[in-house]
Protein chains: 2
Amino acid sequence: MKQTGKFSLALHTLGHMALDPTRPRTSEELAAMHGTHPVVVRRVLGPLRAAGILLSEKGHGGGWRLARPAEAVTLEEIYRALDEPFLTPIAFAPAPGHPCAIEAAMAGTVAAALTEAEAVIARHFAARSLADIARALPPAGSTGAAPGQNCQVSASPAPDSPL
Amino acid sequence: MKQTGKFSLALHTLGHMALDPTRPRTSEELAAMHGTHPVVVRRVLGPLRAAGILLSEKGHGGGWRLARPAEAVTLEEIYRALDEPFLTPIAFAPAPGHPCAIEAAMAGTVAAALTEAEAVIARHFAARSLADIARALPPAGSTGAAPGQNCQVSASPAPDSPL
DNA sequence: TATCACGCAACTTATATAGTTACATGAAGC
DNA sequence: GCTTCATGTAACTATATAAGTTGCGTGATA
């Protein structure tokens with residue numbers, strides 16, 4: 001994950017699971033898809049398991065699976081579970097013992113704008129499920145990757161790699 | 001500036017200038033108001049000068065002044081001039097030579113949500129001028145600071161201070 | 001000409017995120 | 001039972017960004 005953020009990793013990997021929910025994916029597999037480290041994948045997906053969106057199993061044949069059908073998982077749930085708001089928690093930090101009516105008024109106006117924007121984002125994500133995204137995928141080949149075979153990592157682990 | 005951000009510093013200092021546009025303020029004065037360093041103030045206000053919102057003058061009696069009446073400065077202008085978007089530039093960074101239709105679809109959905117939210121914020125700020133904020137200030141004393149004397153720094157430079 | 005204040009570059013520090021390593025736990029297969 | 005596989009978690013390192021700081025140059029005023 002090269003300065004990418006939790007949300008993009010989550011959407012990317014959950015998207016793959018939604019498109020083919022039958023088999024579980026290992027952290028290693030998902031990490032290779034996204035170009036990051038397996039531990040990072042576990043760190044990001046952990047909260048989604050806690051939120052009841054994913055299941056994880058250890059041992060042979062283990063890995064990550066959707067806990068529910070893709071139709072029943074909205075982007076907003078994912079967004080909330082990750083607790084990584086897009087909106088910079090604008091930092092009006094009035095110095096302690098240093099009250100200022102002007103600063104307070106500015107902070108209020110900014111907070112109002114951010115609250116509005118947050119609501120817009122939440123509404124947008126709440127209206128979209130993982131299945132919606134998967135359904136809207138372009139047909140095979142039009143983006144250089146087949147829909148069922150995107151990020152074909154496990155298919156070709158690079159012949160020169162010792163793995 | 002304790003992890004505060006450029007925007008809060010800008011709004012705070014411009015708010016003071018809007019409330020009393022007659023005299024210029026030095027970087028040092030503004031820095032003391034906001035609890036930061038004069039150089040930081042210059043760094044933040046510089047782009048506002050470039051945007052035609054502020055004027056700065058050197059030498060005796062110099063400092064920062066509004067380039068226009070407070071009625072003619074919207075918060076949106078300030079927001080844009082600072083180039084510090086509230087919305088985390090969500091980083092879907094598809095690895096080069098690693099196209100993935102799923103990732104692309106997710107990125108598109110997120111981008112749409114962020115674009116909507118940006119518009120909401122811009123509209124909110126565009127509807128408010130510095131004068132609007134100043135006008136809405138509570139009467140003296142209700143917040144522990146008089147409207148014309150908020151952040152009373154220059155008034156009492158602390159008797160024990162050699163400044 | 002001395003002082004004041006901005007302009008700017010460079011350096012230091014602080015913080016957050018990502019990446020990595022190491023080890024423990026639990027499940028499946030032999 | 002033992003080995004292998006996979007997650008769970010803690011701890012450490014590396015890197016990027018923002019803030020804070022120092023120093024020096026420039027222009028304007030007294």
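Helix α1(B) crosses α4(B) in a right-handed sense. This comes from a predicted model.

**The α1(B)–α4(B) pair**

- Two packed helices are described by the angle between their axes and by the distance between those axes.
- In chain B, helix α1 spans residues 6-19 and helix α4 spans residues 75-82; they pack at an angle of about 140°, and their axes lie 10 Å apart.
- That angle makes α1(B) oblique to α4(B), because an angle has to be over 145 degrees to count as roughly antiparallel.
- On the α1(B) side, the contact is made by Lys6(B), Phe7(B), Ala10(B), Leu11(B) and Leu14(B).
- On the α4(B) side, Leu75(B), Ile78(B), Tyr79(B) and Leu82(B) take part.
- Sorted by class, the residues of this contact are eight nonpolar, no polar and one charged.
- An α-helix has 3.6 residues a turn, so residues three or four places apart point the same way.

**Make-up of chain A**

- Chain A contains six helices and two strands.
- Read from the N terminus, the order of its elements is α-α-α-β-β-α-α-α.
- Chain A has 163 residues, and 44% of them count as buried.
- Counting contacts in chain A between residues at least 6 apart in sequence, 66% join residues at least 24 apart.

**Helix α2(A)**

- Helix α2 of chain A covers residues 27-34, and six of its eight residues are buried, so this helix is largely enclosed by the rest of the structure.
- The buried residues of α2(A) are Ser27(A), Glu29(A), Leu30(A), Ala31(A), Met33(A) and His34(A).
- Within chain A, these buried residues pack against α1 (6-19), α3 (38-50) and β2 (63-66).
- They also pack against a helix of the other chain named here, α5 (101-126) of chain B.
- Gly35(A) follows α2(A) and has a positive phi, near 75°.

**Cysteines**

- A disulfide is a covalent bond between the sulfur atoms of two cysteines.
- Over all chains, the structure holds zero disulfides.
- Cys100(A) has a relative accessible area of 7% and is therefore buried, as buried means under 20%.
- Cys100(B) also counts as buried, at 6% relative accessibility.

How values were computed. Residues numbered from 1 in each chain as written. Chains lettered and ligands numbered in written order. Predicted model: local features only at pLDDT ≥ 70, side-chain atom pairs only at ≥ 80, totals over all residues. Heavy atoms only, no water. Axes fitted to C-alpha atoms, helices over the stretch in contact; angles between N-to-C directions. Helix = DSSP H or I, 4+ residues; strand = E, 2+ residues; numbered from the N terminus. Parallel < 35°, antiparallel > 145°, perpendicular 65-115°, else oblique. Left-handed = near helix turned anticlockwise from the far one by under 90°. Contact = heavy atoms within 4.5 Å. Nonpolar A, V, L, I, M, F, W, Y, C, P; charged D, E, K, R; others polar. Disulfide = S-S within 2.5 Å. Buried < 20%, exposed > 50% of the residue type's maximum accessible area, 1.4 Å probe, protein only.
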